[in-house]
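Subject: Structure for your review

Dear colleague,

Please find below the structure that I am handing over to you. I would be grateful if you could read it alongside the notes that come after it.

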Amino acid sequence: MKQLRPLVAGNWKMNGLQASWDEAERLAGFLSEHASLAADVMLCPPSTLISQFATGLSDSSLLVGGQDCHPEVSGAHTGDIAAEMLADAGATAVIVGHSERRTDHGETSELVRAKAAAAHWAGLMAIICVGETETERKSGETLNIVSTQLAGSLPDGATAANTVIAYEPVWAIGTGLTPTPDDVAEIHAHIRSELNGKLGEEGAQMRILYGGSVKPGNAAELMGVANVNGALVGGASLKADDFWGIASVYLPG
Ligand code: PEP
(Lines give C-alpha, C1' and ligand atoms only; values in the text may rest on other atoms or scores of the structure.)
Protein backbone atom coordinates (compact mmCIF):
# COMPACT_ATOMS: atom_id res chain seq x y z
CA MET A 1 0.00 0.00 0.00
CA LYS A 2 1.18 3.51 -0.83
CA GLN A 3 2.61 5.32 2.19
CA LEU A 4 0.34 8.25 3.08
CA ARG A 5 2.08 11.53 3.86
CA PRO A 6 1.23 12.24 7.49
CA LEU A 7 -0.23 15.53 8.71
CA VAL A 8 0.57 17.01 12.11
CA ALA A 9 -1.93 19.80 12.79
CA GLY A 10 -1.95 22.10 15.80
CA ASN A 11 -5.26 23.39 17.12
CA TRP A 12 -4.63 26.52 19.14
CA LYS A 13 -8.31 26.81 20.13
CA MET A 14 -9.07 30.19 21.80
CA ASN A 15 -5.40 30.94 22.49
CA GLY A 16 -3.01 33.30 20.80
CA LEU A 17 -2.43 37.01 20.28
CA GLN A 18 -0.35 38.79 17.68
CA ALA A 19 2.75 38.24 19.80
CA SER A 20 2.22 34.48 19.36
CA TRP A 21 3.68 34.92 15.89
CA ASP A 22 7.05 34.22 17.59
CA GLU A 23 5.99 30.60 18.12
CA ALA A 24 4.85 30.20 14.52
CA GLU A 25 8.08 31.73 13.27
CA ARG A 26 10.14 29.42 15.48
CA LEU A 27 8.22 26.39 14.22
CA ALA A 28 8.74 27.53 10.63
CA GLY A 29 12.45 27.77 11.47
CA PHE A 30 12.53 24.11 12.58
CA LEU A 31 10.80 23.11 9.36
CA SER A 32 13.21 25.01 7.14
CA GLU A 33 16.17 23.45 8.97
CA HIS A 34 14.65 19.98 8.46
CA ALA A 35 13.30 19.98 4.93
CA SER A 36 13.50 16.16 4.93
CA LEU A 37 10.63 15.93 7.44
CA ALA A 38 8.27 13.35 5.96
CA ALA A 39 5.05 15.04 7.06
CA ASP A 40 2.93 18.12 6.47
CA VAL A 41 2.74 20.46 9.46
CA MET A 42 -0.11 22.90 10.03
CA LEU A 43 -1.10 25.47 12.63
CA CYS A 44 -4.76 26.32 13.18
CA PRO A 45 -4.65 29.58 15.16
CA PRO A 46 -7.74 31.61 16.03
CA SER A 47 -9.26 33.36 12.99
CA THR A 48 -7.86 36.71 14.12
CA LEU A 49 -4.33 35.45 13.41
CA ILE A 50 -4.82 33.56 10.15
CA SER A 51 -4.01 36.43 7.83
CA GLN A 52 -0.95 37.46 9.83
CA PHE A 53 0.36 33.88 9.97
CA ALA A 54 -0.39 33.06 6.34
CA THR A 55 1.35 36.22 5.16
CA GLY A 56 4.35 35.64 7.41
CA LEU A 57 4.58 31.99 6.34
CA SER A 58 4.25 32.54 2.60
CA ASP A 59 7.82 31.25 2.09
CA SER A 60 7.48 28.43 4.61
CA SER A 61 6.16 24.88 4.28
CA LEU A 62 4.19 25.44 7.50
CA LEU A 63 0.50 25.40 6.58
CA VAL A 64 -2.27 27.48 8.15
CA GLY A 65 -5.81 26.29 8.86
CA GLY A 66 -8.97 27.53 10.55
CA GLN A 67 -10.79 25.94 13.49
CA ASP A 68 -14.39 26.14 12.28
CA CYS A 69 -16.52 27.60 9.50
CA HIS A 70 -20.18 28.35 8.87
CA PRO A 71 -22.01 26.03 6.45
CA GLU A 72 -23.30 28.95 4.38
CA VAL A 73 -21.32 31.05 1.97
CA SER A 74 -22.28 34.42 3.46
CA GLY A 75 -25.19 36.17 5.13
CA ALA A 76 -26.73 37.33 8.38
CA HIS A 77 -24.75 35.19 10.84
CA THR A 78 -23.21 37.56 13.36
CA GLY A 79 -19.86 36.41 14.69
CA ASP A 80 -19.51 33.48 12.31
CA ILE A 81 -16.90 32.99 9.65
CA ALA A 82 -17.41 31.56 6.16
CA ALA A 83 -15.03 29.03 4.63
CA GLU A 84 -14.31 31.43 1.80
CA MET A 85 -13.21 34.06 4.34
CA LEU A 86 -10.71 31.60 5.83
CA ALA A 87 -9.39 30.82 2.36
CA ASP A 88 -9.25 34.53 1.57
CA ALA A 89 -7.18 35.07 4.74
CA GLY A 90 -4.71 32.40 3.61
CA ALA A 91 -5.94 29.19 5.24
CA THR A 92 -5.80 25.97 3.23
CA ALA A 93 -7.79 23.80 5.63
CA VAL A 94 -10.37 23.99 8.39
CA ILE A 95 -11.20 21.75 11.35
CA VAL A 96 -14.90 20.85 11.53
CA GLY A 97 -16.82 18.87 14.13
CA HIS A 98 -14.30 19.24 16.94
CA SER A 99 -15.84 17.78 20.09
CA GLU A 100 -15.71 21.21 21.75
CA ARG A 101 -17.96 22.52 18.96
CA ARG A 102 -20.19 19.46 19.12
CA THR A 103 -20.54 19.95 22.91
CA ASP A 104 -20.36 23.73 23.42
CA HIS A 105 -22.45 24.61 20.36
CA GLY A 106 -24.61 21.49 20.02
CA GLU A 107 -23.24 20.75 16.57
CA THR A 108 -24.72 17.65 14.97
CA SER A 109 -23.04 15.46 12.38
CA GLU A 110 -25.51 16.83 9.83
CA LEU A 111 -24.20 20.35 10.50
CA VAL A 112 -20.60 19.11 10.44
CA ARG A 113 -21.25 17.54 7.05
CA ALA A 114 -22.60 20.88 5.76
CA LYS A 115 -19.54 22.68 7.14
CA ALA A 116 -17.21 20.18 5.46
CA ALA A 117 -19.08 20.66 2.18
CA ALA A 118 -18.73 24.44 2.58
CA ALA A 119 -15.00 24.00 3.18
CA HIS A 120 -14.68 21.96 -0.02
CA TRP A 121 -16.67 24.54 -1.97
CA ALA A 122 -14.19 27.20 -0.81
CA GLY A 123 -11.22 25.03 -1.79
CA LEU A 124 -10.27 24.15 1.78
CA MET A 125 -9.34 20.72 3.07
CA ALA A 126 -11.78 19.66 5.80
CA ILE A 127 -10.36 18.01 8.93
CA ILE A 128 -13.42 16.17 10.24
CA CYS A 129 -13.28 15.17 13.92
CA VAL A 130 -15.03 12.15 15.39
CA GLY A 131 -14.73 10.48 18.78
CA GLU A 132 -16.60 9.00 21.70
CA THR A 133 -17.20 10.39 25.19
CA GLU A 134 -16.02 8.61 28.32
CA THR A 135 -19.54 7.34 29.02
CA GLU A 136 -19.88 5.98 25.50
CA ARG A 137 -16.51 4.30 25.79
CA LYS A 138 -17.39 2.71 29.11
CA SER A 139 -20.60 1.32 27.67
CA GLY A 140 -18.71 -0.25 24.77
CA GLU A 141 -20.16 2.05 22.12
CA THR A 142 -16.93 3.49 20.72
CA LEU A 143 -16.99 1.82 17.30
CA ASN A 144 -20.69 2.51 16.80
CA ILE A 145 -20.32 6.16 17.75
CA VAL A 146 -17.35 6.62 15.45
CA SER A 147 -19.20 4.91 12.57
CA THR A 148 -22.32 7.01 13.10
CA GLN A 149 -20.39 10.29 13.31
CA LEU A 150 -18.32 9.38 10.27
CA ALA A 151 -21.34 8.40 8.16
CA GLY A 152 -23.17 11.57 9.21
CA SER A 153 -20.27 13.99 8.81
CA LEU A 154 -18.65 12.96 5.51
CA PRO A 155 -20.01 15.08 2.67
CA ASP A 156 -20.53 13.90 -0.90
CA GLY A 157 -17.42 14.50 -2.94
CA ALA A 158 -15.01 13.77 -0.08
CA THR A 159 -11.64 12.66 -1.43
CA ALA A 160 -8.26 11.86 0.05
CA ALA A 161 -7.06 15.28 -1.13
CA ASN A 162 -9.87 17.39 0.32
CA THR A 163 -10.64 15.53 3.55
CA VAL A 164 -8.77 14.27 6.61
CA ILE A 165 -10.40 12.37 9.48
CA ALA A 166 -9.26 13.05 13.06
CA TYR A 167 -10.16 10.40 15.63
CA GLU A 168 -10.26 12.25 18.95
CA PRO A 169 -11.64 10.40 21.97
CA VAL A 170 -13.34 13.18 23.93
CA TRP A 171 -12.06 11.82 27.26
CA ALA A 172 -8.46 12.11 26.02
CA ILE A 173 -8.66 15.76 24.96
CA GLY A 174 -6.73 18.00 27.33
CA THR A 175 -6.74 15.37 30.09
CA GLY A 176 -3.32 13.77 29.73
CA LEU A 177 -5.08 10.43 29.18
CA THR A 178 -4.63 8.43 25.99
CA PRO A 179 -6.03 5.16 24.69
CA THR A 180 -3.59 2.26 24.52
CA PRO A 181 -1.84 1.75 21.19
CA ASP A 182 -3.91 -1.43 20.76
CA ASP A 183 -7.13 0.56 21.21
CA VAL A 184 -5.95 3.21 18.75
CA ALA A 185 -5.03 0.45 16.27
CA GLU A 186 -8.48 -1.13 16.57
CA ILE A 187 -10.38 2.13 16.13
CA HIS A 188 -8.22 3.43 13.28
CA ALA A 189 -8.52 0.06 11.49
CA HIS A 190 -12.29 0.35 11.90
CA ILE A 191 -12.31 3.89 10.48
CA ARG A 192 -10.11 2.75 7.58
CA SER A 193 -12.46 -0.08 6.80
CA GLU A 194 -15.48 2.27 6.91
CA LEU A 195 -13.68 4.72 4.60
CA ASN A 196 -12.72 1.93 2.20
CA GLY A 197 -16.32 0.75 2.13
CA LYS A 198 -17.74 4.22 1.49
CA LEU A 199 -15.11 5.73 -0.78
CA GLY A 200 -13.05 2.88 -2.23
CA GLU A 201 -9.53 3.93 -3.19
CA GLU A 202 -10.11 7.51 -1.97
CA GLY A 203 -10.92 6.05 1.45
CA ALA A 204 -7.80 3.92 1.39
CA GLN A 205 -5.72 7.04 0.76
CA MET A 206 -7.49 9.34 3.23
CA ARG A 207 -5.39 10.35 6.22
CA ILE A 208 -6.66 9.43 9.67
CA LEU A 209 -5.14 11.51 12.48
CA TYR A 210 -5.12 10.60 16.14
CA GLY A 211 -5.84 13.45 18.58
CA GLY A 212 -6.03 13.62 22.38
CA SER A 213 -3.14 14.45 24.73
CA VAL A 214 -0.41 13.86 22.14
CA LYS A 215 2.88 15.05 23.62
CA PRO A 216 6.54 14.76 22.62
CA GLY A 217 6.86 11.84 25.06
CA ASN A 218 4.09 9.67 23.55
CA ALA A 219 4.10 10.83 19.92
CA ALA A 220 6.44 8.19 18.53
CA GLU A 221 4.42 5.35 20.02
CA LEU A 222 1.04 6.75 18.92
CA MET A 223 2.24 7.78 15.46
CA GLY A 224 3.75 4.33 15.00
CA VAL A 225 0.35 2.62 15.19
CA ALA A 226 -1.02 1.21 11.92
CA ASN A 227 -3.46 3.55 10.14
CA VAL A 228 -2.37 6.55 12.21
CA ASN A 229 -1.39 9.10 9.58
CA GLY A 230 -0.49 11.98 11.85
CA ALA A 231 -1.84 13.90 14.81
CA LEU A 232 -4.24 16.65 15.75
CA VAL A 233 -2.63 18.38 18.71
CA GLY A 234 -4.15 20.88 21.12
CA GLY A 235 -2.20 22.03 24.17
CA ALA A 236 1.20 20.80 23.01
CA SER A 237 0.93 22.80 19.77
CA LEU A 238 1.06 26.17 21.55
CA LYS A 239 4.81 26.07 22.10
CA ALA A 240 6.97 25.54 19.03
CA ASP A 241 9.47 23.39 20.92
CA ASP A 242 6.77 20.96 22.11
CA PHE A 243 5.03 20.87 18.76
CA TRP A 244 8.29 20.25 16.98
CA GLY A 245 9.00 17.48 19.51
CA ILE A 246 5.86 15.79 18.14
CA ALA A 247 6.26 16.56 14.41
CA SER A 248 9.92 15.52 14.46
CA VAL A 249 8.96 11.87 14.95
CA TYR A 250 8.59 12.00 11.16
CA LEU A 251 12.24 12.91 10.58
CA PRO A 252 13.84 10.19 8.45
CA GLY A 253 16.24 7.78 10.11
C1 PEP B 1 -7.72 18.82 20.52
O2 PEP B 1 -8.40 19.63 21.13
O3 PEP B 1 -7.93 18.62 19.32
C4 PEP B 1 -6.68 18.11 21.24
C5 PEP B 1 -6.24 17.00 20.72
O6 PEP B 1 -6.28 18.65 22.43
P7 PEP B 1 -5.08 18.12 23.38
O8 PEP B 1 -3.93 17.75 22.48
O9 PEP B 1 -4.77 19.27 24.27
O10 PEP B 1 -5.60 16.91 24.09
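Predicted model: local features only at pLDDT ≥ 70, side-chain atom pairs only at ≥ 80, totals over all residues.

Ligand site

The ligand is surrounded by 14 residues, and the closest are Lys 13, His 98, Glu 168, Gly 174 and Ser 213. By class, this shell consists of four nonpolar, eight polar and two charged residues. Lys 13 places a polar side-chain atom 2.5 Å from a ligand oxygen. The ligand taken alone exposes 290 Å², of which the protein buries 98%.

Glu 100

Lys 13 also has a protein partner: its side chain and that of Glu 100 are joined by a polar contact of 2.8 Å. Glu 100 belongs to helix α4, residues 99-104. Setting aside residues up to four places away in sequence, Glu 100 touches Lys 13, His 105 and Ile 173.

Asn 162

Asn 162 sits in the loop between α7 (142-153) and β6 (163-167). With a relative accessible area of 16%, Asn 162 counts as buried because that value is under the 20% limit. The side chain of Asn 162 reaches the backbone oxygen of Gly 157 at 3.0 Å. Apart from residues up to four places away in sequence, Asn 162 touches His 120, Leu 124, Met 125, Ala 126 and Gly 157.

In soluble globular proteins, nonpolar side chains tend to be buried together. Here the largest nonpolar core has 63 residues, and Leu 27, Phe 53, Ile 165, Ile 191 and Tyr 210 touch the most other members. Helix α1 (residues 21-33) gives the most to this core, contributing six residues. Beyond its neighbours within four places in sequence, Phe 53 is in contact with Trp 12, Ser 20, Trp 21, Ala 24, Leu 43, Pro 45 and Val 64. There is also a second, separate core of 13 residues, including Ala 9, Cys 44, Ala 93 and Ala 166.

With kind regards

Definitions and conventions: Residues numbered from 1 in each chain as written. Heavy atoms only, no water. Near = heavy atom within 4 Å. Polar contact = N/O pair within 3.5 Å; in protein donor to acceptor, adjacent residues only side chain to side chain. Areas by Shrake-Rupley, 256 points an atom, 1.4 Å probe, with all protein chains shown as cover. Nonpolar A, V, L, I, M, F, W, Y, C, P; charged D, E, K, R; others polar. Helix = DSSP H or I, 4+ residues; strand = E, 2+ residues; numbered from the N terminus. Buried < 20%, exposed > 50% of the residue type's maximum accessible area, 1.4 Å probe, protein only. Contact = heavy atoms within 4.5 Å. Core = buried A, V, L, I, M, F, W, Y, C linked by side-chain atoms within 4.5 Å.
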